[in-house]
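Q: Could we go through this model together? I would like to start with the helix packing and then move on to the sheet and some individual residues.

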Amino acid sequence: MKLGINGLGRIGKLSLWHHVSRQHFSEIVVNLGRQVGSGLEDIAAVIEKDSTYGKLATYLHGHKGGRVIENLNEAAGTMTVNGVPVTMLREARNPKDIKWQENNVRIVVDTTGVFKDPTSDADAKSGSVRGHLQAGAEKVLVSAPFKIKAKGLDMPADALTAVMGINDDDYKPEQHAIISAASCTTTCLSYMIKPLLDHFGAERLLTASMVTVHAATGSQKVLDAVPAAGATDLRKNRSILNNIILTTTGAAKALGLVIPEMKGIGFIAESVRIPTASGSLIILVLNFQDEMENPIKRDLINGIYRDYAVSSPYLQYSEEQNVSSDIVGTPQAAAVIEGTETHTRTASLKLHLDHLKSCNFAPGQVPPVLDIPMTQAVIYGWYDNELGSYTNMLGDLTVSVANQMV
């Protein structure tokens, strides 16, 4: 089976690295949608070297390296990468115009970050993720969370958000044609939340909040720039080289799509961008209803993660003192729990019932006060937001979907 990749940005390029290493697909067709540099040699140079992860040859074969991109044919737009035939398409940017059918591509990974609305019509002037289906693909994976632009529209029945190892068994080959692999942050967060929900149950989780301390992304500016007309967030145009920049994340909303129990729990998610190329951190704060006699302690929480990591290939538990560069390139780790930094505090929450509108008291009656034992837990989870975590997880999901195609 051939694999199609739309886009050669950060996730597109690293997805190509992943799949030429894995060699599950017999051929790969990459759509760039435009001419690049002076020709195929320049495209090969982009693929071969990476400022964050080094050279492709080193990634594939270690320090011995060796030539891995060969047989360039400018006229045909073809090359072999680690022995895998790769074709470059340099014409169409609109998904409906990409020559997937002519190239016998049945499954496509869209890594552009542009086509995220599964309700958008295939013939939309600005392009649509459904255009890939019109162009001949049977399955499309999106390397970003879905974003429905029109208010009031529900998620289409043929669209699914899935995180490998969390809810990928919700995928139904006969039903789902468009699959979002969520985001790197949601992927990490889901592996921080799921083990605790499995152990304690969602009914004991009162509130949750998180902050992701996130590496820079391609949407940010290297130097300060003038914002576009109508822009409301001026910080997006400030230099990522020099600043910690407050931004937003949809991780809390997306988490409810892959772990439905979280929809009923108040959850706040925040994000800051920092001047690093890759390697991010989630600081997760959870409040559990507890008991004073035998409260939840850090050793219990760490033990839950330690045991879960034994059975799951996507969660790692660490008692080392890590920094962000230690996580970059860590293979197949959706999340790396920093066990040394897990903290808990148990206290009694005093709930004054007269503050509740649903409680009615007679004049002069002293309303009762409920003492509710509650434990607050703080958990740290690392993730390589590009290659190590997200791209590898996306690659596994892609292969899983491909294996279920007739």
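**Helix packing, sheet and selected residues**

A: Lys13, Leu16 and Trp17 of α1 meet Val46, Ile47 and Glu48 of α2. The model is a predicted one.

Q: What is the make-up of that contact of α1 with α2: how many nonpolar, polar and charged residues?
A: The residues in the contact of α1 with α2 comprise four nonpolar and two charged, with no polar ones.

Q: And at what angle do α1 and α2 pack, and how far apart are their axes?
A: Helix α1 (residues 10-22) packs against α2 at an angle of about 80°, and their axes are 10 Å apart. Angles of 65 to 115 degrees count as roughly perpendicular, and α1 and α2 are therefore roughly perpendicular to each other.

Q: How do β6 and β7 pair, parallel or antiparallel?
A: Strand β6 (residues 78-81) pairs with strand β7 (residues 84-89) in the antiparallel sense, over four bridges. Thr78 has Thr87 in β7 as its bridge partner.

Q: Now the backbone. What is the phi of Asn71, and where does the residue sit?
A: Asn71 is not a glycine, yet its phi is positive, at about 55°. The residue belongs to strand β5.

Q: Asn71: buried or exposed?
A: Asn71 counts as exposed, because its relative accessibility is 56%.

Q: What about Gln23, what is its phi?
A: Gln23 also is not a glycine and has a positive phi, of about 60°. Gln23 lies in the loop between α1 and β2 (27-31). With 43% relative accessibility, Gln23 counts as partly exposed.

Q: A change of topic: where is Thr375, and is the residue buried or exposed?
A: Thr375 is in strand β19 (residues 369-383). Its relative accessibility is 0%, so Thr375 counts as buried.

Q: Which side chains make polar contacts with that of Thr375?
A: The side chain of Thr375 has a polar contact of 2.4 Å with the side chain of Asp290, and one of 2.6 Å with the side chain of Thr346.

Q: What else is in contact with Thr375, beyond its neighbours within four places in sequence?
A: Asp290 and Thr346 are on that list, which also includes Leu286, Asn287, Phe288, Pro295, Ile296, Thr344 and Arg345. Ile296 is 79 residues from Thr375 along the chain, and the C-alpha atoms of the two are separated by 6.6 Å.

Q: Finally, where is Asn392?
A: Asn392 is placed in helix α9 (residues 387-403). Asn392 counts as buried because its relative accessibility is 9%, and buried means under 20%.

Q: With which side chain does that of Asn392 make a polar contact?
A: The partner is the side chain of His18, at 2.8 Å.

Definitions and conventions: Residues numbered from 1 in each chain as written. Predicted model: local features only at pLDDT ≥ 70, side-chain atom pairs only at ≥ 80, totals over all residues. Heavy atoms only, no water. Helix = DSSP H or I, 4+ residues; strand = E, 2+ residues; numbered from the N terminus. Buried < 20%, exposed > 50% of the residue type's maximum accessible area, 1.4 Å probe, protein only. Polar contact = N/O pair within 3.5 Å; in protein donor to acceptor, adjacent residues only side chain to side chain. Contact = heavy atoms within 4.5 Å. Pairing = 2+ DSSP bridges. Axes fitted to C-alpha atoms, helices over the stretch in contact; angles between N-to-C directions. Parallel < 35°, antiparallel > 145°, perpendicular 65-115°, else oblique. Nonpolar A, V, L, I, M, F, W, Y, C, P; charged D, E, K, R; others polar.
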